[in-house]
Amino acid sequence: MTHSNILAIGAGRMGRGIAHMFAYAGHPVTLLDVKARDDDGFRQLAAAARAEIEASLMFLSASGFISPAQVTAALQLVRVQPRAGAAEALGAADVIIEAAPETRQAKQAALELAGHHARSDVIITSTTSSMLVTELQQWVAQPERFLNTHFLNPAYLIPLVEVSPSPATTARVVAAVSALFEAIGKTPVRCSASPGYIIPRLQSLLMAEACRMVAEGVATPAEIDKAITHGFGPRYGALGVMEFIDWGGVDILYHAGHYLAKALDSPRHAPPEEVTKMMEDGRKGLRAGRGYYDFRDMDVDAWQQEKLTRFVTLLGSLGQIPKPGV
């Protein structure tokens, strides 16, 4: 198996997470520190980066997912390079992942540096959590080879990678990046250039509503967290939110959403027009044969059994299935 040379621009938390996950999969990885430091400052930074990567690998080793010998082998694949070696390191990279601080100035400097020294066939991505690929591509030489790849922290553990190309990004680049992530055990999900991507956009609403409930005295922070870890979280770990809408019924979302919008005086809780149209068209979910998914040619019993098995397995691993009393 051929392993690509991966380079992460930025040796902070995200860069270290990227180094961990690619070295874990057997890829040589370079962490390029682009901040101006003296020799002592760089040595301290490099030591801290390697120590953090080693600690996360050792955590997985203690959990039985990788042997101590494999930890050593993975660490040997990680190199930390100072800014003075940027030209050489970038020129040798097969894939460049920008992981600079979340400011326009830092992103611009990193992407322009990458474009200046990278080979013309090298794919360049950004890990930005807030900026759009259509904003950042202006600083990339050959924007057709550029896209956003948004990780969730801790990057070495969370499987999801939100892949966000621009209209200029070629299909070949999107396919190549997705295949690379799949090969190291990640789950790439494609989304358009839209603020918040998928998860941050959903998550921001959830967190804001949880904070409102605390402020309103609906429940304590501890009770809300218990509700999430014992209900909301496991449910959506087994069944996607759109699948859940279809499983329960689009009509339930329609009626409950309108009730909450009125009761809470919150237009954001009202279902969108698409849901109203689905109701009018009879696409009310699983029971109707169509909702957001089309179940008409599916083995619905097998699908439901698969989802319930996943749910039981997940709850069992969390110790949340009660012991029988009979």
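**Salt bridges and the sheet in a predicted model**

The side chains of E209 and R212 form a salt bridge, N to O 2.8 Å; a salt bridge is a side-chain nitrogen of Lys or Arg within 4 Å of a carboxyl oxygen of Asp or Glu. This is a predicted model, where local features need pLDDT of at least 70, side-chain atom pairs count only at pLDDT 80 or more, and totals for chains, interfaces and linings use all residues. Residues are numbered from 1 along each chain as its sequence is written, and side-chain values use heavy atoms, with hydrogens and water left out.

Q: Which helix holds both E209 and R212?
A: Helices are DSSP runs (H or I, at least four residues), strands likewise (E, at least two), numbered from the N terminus. E209 and R212 are 3 residues apart, about one turn of the helix. Both lie in helix 8.

Q: Is R16 buried or exposed?
A: Buried means under 20% relative accessible area, exposed over 50%, partly exposed in between (1.4 Å probe, protein chains only). R16 has 13% relative accessibility, so R16 counts as buried.

Q: How many residues apart in sequence are the parts tied together by K307 and E243?
A: K307 forms a salt bridge with E243, with the closest N and O atoms 3.1 Å apart. K307 lies in helix 13 and E243 in helix 10, so the parts tied together are 64 residues apart.

Q: Which strands stand at the edges of the sheet?
A: The open sheet has the order 3-2-1-4-5-6-7-8; two strands pair if DSSP finds at least two bridges between them. Each edge strand has a single partner strand, so one side is left without a neighbour: these are strand 3 and strand 8.
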